[in-house]
Amino acid sequence: MRKFLSLIFALFVTLPFCTKCYAIEVDSLGDEVRHVVRQSVPANIEILDGSIQSGAAGDLEYLDQKVVLLKSGVSDAGKNCVRLEALFTGVPKTRIQSATFRLGTVNAGSLTYTISLFDWNSNSYIEHNLTGAISSKGLNEINLINWSDCHIDDSANVKVEVTISAESPFELSLDQMQLLLLCEESVQNVEVRNYTVENAQIEQGTTAAGTTAKNLKDRDGASFQVKSSNKKAAWTTTVPLYYEKNDVQTLYRKYV
């Protein structure tokens, strides 16, 4: 189950400010088993039919309007489509209960999808979902039926083939692509995780020239500067935790 933490900062003076990290302390559950959603983003995208007009795999981690713009081509079967292969790395192999493929779209029209997973044993793709409709704007969460360990190789890689098609030529903006795996994990110790912030939406005030929310990611001297409006500056950011709510013991926010 996905859990999202939305943190709102408000400043009443005009200051440069910089958020550095979020540490999530997860409650120890002794020797019990918990379910955790592990998320992976593509390390690489290869276009098999169609073309990329702009953007790259690194733009697909967040729903932040940083998009990969795709333009359809014509397949060998004469269909107007975009067909791509996404490589996911570092995927856990054991005790996976289910798998979901997430696709965030911005300007989808009357488009359909087909999802296939690579079988490393047979060295071929296996279709995992019948054709479905792409959401016109928002998230498409596609359950990958018949998930098996054969879809993860010994180097923890997963390959997903996505085909998006339509009756006429089209362009499509992808805003997010993730592989979400529901795993069983034995819990014996408290676990601490850090999350950095690199995107923000201004609610009040204006961003100073030459500064960007990406400056929040590292403690490198670069700051995210917001000029106040009516004596107030405020911005929001969303940090996905992917933990069961009851497993989160402490939230620690640090900014400098």
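**Labels and their cut-offs**

Colleague: Why is Phe 118 called buried?

Modeller: Phe 118 has a relative accessible area of 7%. Buried means under 20%, exposed means over 50%, and partly exposed is what lies in between (1.4 Å probe, protein chains only), so Phe 118 goes in as buried. Tyr 125, at 24%, falls in the range between and is therefore partly exposed.

Colleague: And the ground rules?

Modeller: It's a predicted model, so local features need pLDDT of at least 70 and side-chain atom pairs count only at pLDDT 80 or more, while totals for chains, interfaces and linings use all residues. Residues are numbered from 1 along each chain as its sequence is written, and side-chain values use heavy atoms, with hydrogens and water left out.

Colleague: How many aromatic pairs are there, and what makes the pair of Phe 88 and Phe 101 edge-to-face or stacked?

Modeller: The count is 3 aromatic pairs. For Phe 88 and Phe 101, the ring centres are 6.3 Å apart and the planes stand at 90°. Rings of Phe, Tyr and Trp (its six-membered ring) pair with centres within 6.5 Å; planes under 30 degrees apart are stacked, over 60 edge-to-face, the rest tilted. So this one is edge-to-face. Strands, by the way, are DSSP runs of E with at least two residues, numbered from the N terminus; helices are H or I runs of at least four.

Colleague: What about the rings of Phe 118 and Tyr 125?

Modeller: Their centres are 5.1 Å apart and their planes at 75°, so that's edge-to-face too. With Trp 120, Phe 118 and Tyr 125 make one aromatic cluster.

Colleague: How do you know that Lys 159 lies over the face of Phe 118?

Modeller: Lys 159 is 4.1 Å from the ring centre. The rule wants NZ of Lys or CZ of Arg within 6 Å of the centre and within 35 degrees of the ring normal, and Lys 159 is listed as over the face.

Colleague: What makes Lys 159 and Glu 85 a salt bridge?

Modeller: Their closest N and O atoms are 3.9 Å apart. The cut-off is a side-chain nitrogen of Lys or Arg within 4 Å of a carboxyl oxygen of Asp or Glu, so the pair makes it. Lys 159 is in strand S15 and Glu 85 in S9, so parts 74 residues apart in sequence get tied together. Lys 159 and Glu 85 are both buried.

Colleague: How many salt bridges does the rule give, and how far apart are the N and O atoms of Arg 83 and Glu 161?

Modeller: The count is 5 salt bridges. Arg 83 and Glu 161 come to 3.2 Å at their closest N and O atoms. Arg 83 sits in S9 (residues 80-88) and Glu 161 in S15 (residues 158-166), so this pair joins parts 78 residues apart in sequence. Arg 83 is partly exposed at 25%, whereas Glu 161 is buried at 13%.

Then there's Arg 102 with Glu 141, closest N and O atoms 2.7 Å apart. These lie in S10 (residues 96-105) and S14 (residues 138-143), 39 residues apart. Arg 102 is buried at 2%; Glu 141 is partly exposed at 35%. Salt bridges with shared partners also join Asp 49, Arg 83 and Glu 161 into one network.

Colleague: Why do strand S11 and strand S12 count as paired?

Modeller: Two strands pair if DSSP finds at least two bridges between them. S11 (residues 112-119) and S12 (residues 124-127) share 4 bridges, antiparallel. Asp 119 has Ser 124 in S12 as its bridge partner, and Asn 123 in that hairpin takes a positive phi near 60°.

Colleague: Which residues have the most contacts inside the largest nonpolar core?

Modeller: Leu 84, Phe 88, Phe 101, Trp 147 and Met 177, in a core of 34 residues. Such a core is a set of buried Ala, Val, Leu, Ile, Met, Phe, Trp, Tyr and Cys residues joined through side-chain atoms within 4.5 Å. S7, S9, S10, S11, S15 and S16 each supply at least two of its residues, with the largest share, 6 residues, coming from S16. Another core, of 8 residues, lies apart from it and includes Trp 235.
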